[in-house]
Structures are given as C-alpha cells and as structure tokens.
Amino acid sequence: MAQDSRVGIGIIGAGSIAELHLQTLHALAGDAEVVAIADVNLEAAHARAATHQIRRVYDSTDDLVRDSEVDAVIVALPNRWHADAAVAALSAGKAVLLEKPMAYNVAQAARIVEAQRSAKRPLMMAHQMRWTWPTLEAVRLMEQGALGRVYHAHAAWLRRKGIPGWGSWFTRRAEAGGGPVMDLGVHMLDLTLHLLGWPQPVAVSAATYAELGPRRKGIGGWGTPDWDGVFDVEDFAVALIRLEHGSTIELQASWAGHLETDNQPKVELLGAEGGVQLSTRGGHWRTEWHGHLVDIPLTPPAADEGDRVRMLRAFLDRVRRNDDSGADAEHGLLVMRTLAALYKSAETGREVRLAEIPLTV
C-alpha cells in the first residue's frame, strides 16, 4: 500500500480519460494515492505528473507494474492496447480498473479473463453509468419487484454532432475495433444487462451505417483530429438482441445524425407490473393502479458525490478486500461477444447467434 495505508494507484495512459480518473481521485485522496503514471508519450506523462503531483513517470506498462508501491492500475489506453496492459498488470499481481470496451476484440477479452482467473486479483470494468443515482434507484425498484418481469428494454445513446478525434485512433477500426458501438453502445449494453441481472444474450440482428463520418460531418469536440487519418468505422448502429427466456433489448448508438437529441444516454425498461425510464440526469417509474396511470419521478439523493466517485470508491473497496470473484471479467467478455455478434449481423445481413462467436481468432 502507498503512504498511510492508502491504495497505491498507477495510471497506464496519459490521455483525456486518464485526466478524468485523476480528477476523481482527488476526491478520494484519503483512500488512494496516485504514485505512478506511464505512457509511451513521455512528454504527455510528465505533463500529467506535474499537474497532479505524481512522483514517478514511466514510458512502459512493464516498468509501471514492477513498481512495488503500485497496488492497482487504471488502464486508460486506446482499445487495441487494453488487453496487453491488463494482462501485464494482473500477471504482476496488480488489481485492474479497465476502461471500456474490455478489449479490441473477443479473443483479447478472453485473454484478460484467463489472466484474471490465474492471478486471482480484482478486475473491474470502468462503466460509470452503473453508479449514477438514477441507475441505483432503478436497481432498488427492480429488487422490490416494482417492474415485475421485464420483457423489453430500449437503450440508446444518440449524438447529433459528436464524432471524437476524426482520423485518430477513435475512428480507425484497426485501433478502436469499431465506432459508436464500441464507444457508446458498450456502455448502454453493459448498463442494460446489469439492470436486468445479467441474462444471457442468445442472438443479435443489427445494421450499421457510415453516412456522415466519411464526409467529415458531425465532428464533435472530444479527442484530437488527425486530418491525414481515416474514418473506416460506423457512425450509427441499431440492433435487436434476443435474451434467454424471451426478453429483448433494442440498442442504438450514434456519433452523428440529423436528429433532435440532448446527447444523454437513456434506458427504458418495460415490465409486466411497471416501467422505468432513466437517463444520467433522472428518471420516472410508471405503472397502473386500479385503472389509474401512476407516474413517479425517481428521487435524487440529498447530496450526490457522483457516479465516478462511487465507481472508484467501489474499486478501492474491492482492492482492499481482494475481491477476485471475476464477475466483471466474465460480464465484460459477454458484452464483447454480443457486440461481435452485432457487427457480424450487420456485415452478413442476418441474425447471428452468440454460439457462432468463438473465443479465439
């Protein structure tokens, strides 16, 4: 452990996502200390270190995970390098908080699962939407039986103008693995399966489109453009996911589209006894009582510390307890297999069963 029994954190990656984690960790300074940061771009790593008073800077993951003061790492790299960093950290005995998506493809995600099983160290996916107060309220309602059997869910994150880093790794299939499906859809699928108690997806029917991105329309403010780069991913996707026991999920994700949107991720759950509609800002529970429609807003907490603080607090708790149950690793792999089925369905024009998606290439 770091000084004063705080969890020693190492950050792998010095980009914008790392900055979000570093800012959040300031609120948890009594529980954790960032002792090291690594990036192949040493200039960027030194800049983050200077801003956040991080004592040691490395130019490789291998050097950082050998640091004896690092108890846990946060992997904040482009998708293609998630697996190498996570496996190296787990093999060195470090706990891992892994940014989404779990990996670049299913085979790499399976590597992470095997490494977690072997290392028996905590691995947690950084899906902050599980930790928003509306999500926690929806979970409470479901645990009370207020929805009954949920037979359908609609999950969508739609942007009108939000393509990140045009031409950079974000829009290159060879590095990102896909477009908004891997960036936004992964969040929405994880959140919906989490709310439903992790039922098994059985089959996917999907379509993807790239109507604006290739023409350099719909470009957002996140990420640094590379105008000499390429855009060879989708900018919109829609899918119907069939679950065991007959329930379904309709999933939509867009970086850009000519539509009215507030750029808020949204989930709607249709249950036999009630329904929930929620976003990151709030939500409603709806039902019918003695022939009358009932519409009750979800109630925010008096003081909300925020989803990212709750997420990191939960991770630090797992590290201290060495909670190596592996559920997050298995769930991350299941999400990756479902997204792989989505892309295969879009490519082939037919429904794809998850049984068709191998764990290796």
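In what order do the nine strands of the open sheet stand, and what is the pairing?

1. The nine strands follow the order 14-13-12-11-7-10-9-8-15, and their pairing is mixed. Helices (H or I, at least four residues) and strands (E, at least two) are DSSP runs numbered from the N terminus, and two strands pair if DSSP finds at least two bridges between them. Strand 14 (292-297) and strand 15 (352-353) stand at the edges with a single partner strand each, so one side of each is left without a neighbour in the sheet. Strand 15 is joined by two bridges to strand 8 (residues 201-209), the two running antiparallel, and Val204 stands opposite Val352 in strand 15.

2. A word on the model is needed before going further. This is a predicted model, in which local features need pLDDT of at least 70 and side-chain atom pairs count only at pLDDT 80 or more, while totals for chains, interfaces and linings use all residues. Residues are numbered from 1 along each chain as its sequence is written, and side-chain values use heavy atoms, with hydrogens and water left out.

3. Helix 6 (residues 133-143) touches strand 7 (150-158), strand 11 (266-271), strand 12 (275-279) and strand 13 (283-289), and its direction makes about 165° with that of strand 12. Helix 8 touches strand 7, strand 8, strand 9 (236-243), strand 10 (248-254) and strand 11, and its direction makes about 150° with that of strand 10. For such angles, axes are lines fitted to C-alpha atoms, for helices over the stretch in contact, and angles run from 0 to 180 degrees between N-to-C directions.

4. Because 15 of its 16 residues are buried, helix 8 is largely enclosed by the rest of the structure; buried means under 20% relative accessible area, exposed over 50%, and partly exposed in between (1.4 Å probe, protein chains only).

5. Leaving aside neighbours within four places in sequence, His127 is in contact with Lys100, Val186, His187, Asp190 and Met311, and at 3% relative accessibility it counts as buried.

6. The axes of helix 6 and helix 8 come within 10 Å and cross at roughly 30°, which makes helix 6 roughly parallel to helix 8. By the cut-offs, angles under 35 degrees count as roughly parallel, over 145 as roughly antiparallel, 65 to 115 as roughly perpendicular and the rest as oblique. Thr135, Ala138, Val139 and Met142 in helix 6 meet Leu191, His194 and Leu195 in helix 8.

7. There is also an open sheet of six strands, with parallel pairing and the order 3-2-1-4-5-6. Strand 3 (56-58) and strand 6 are at its edges with a single partner strand each, so one side of each has no neighbour in the sheet.

Terms used: Contact means heavy atoms within 4.5 Å.
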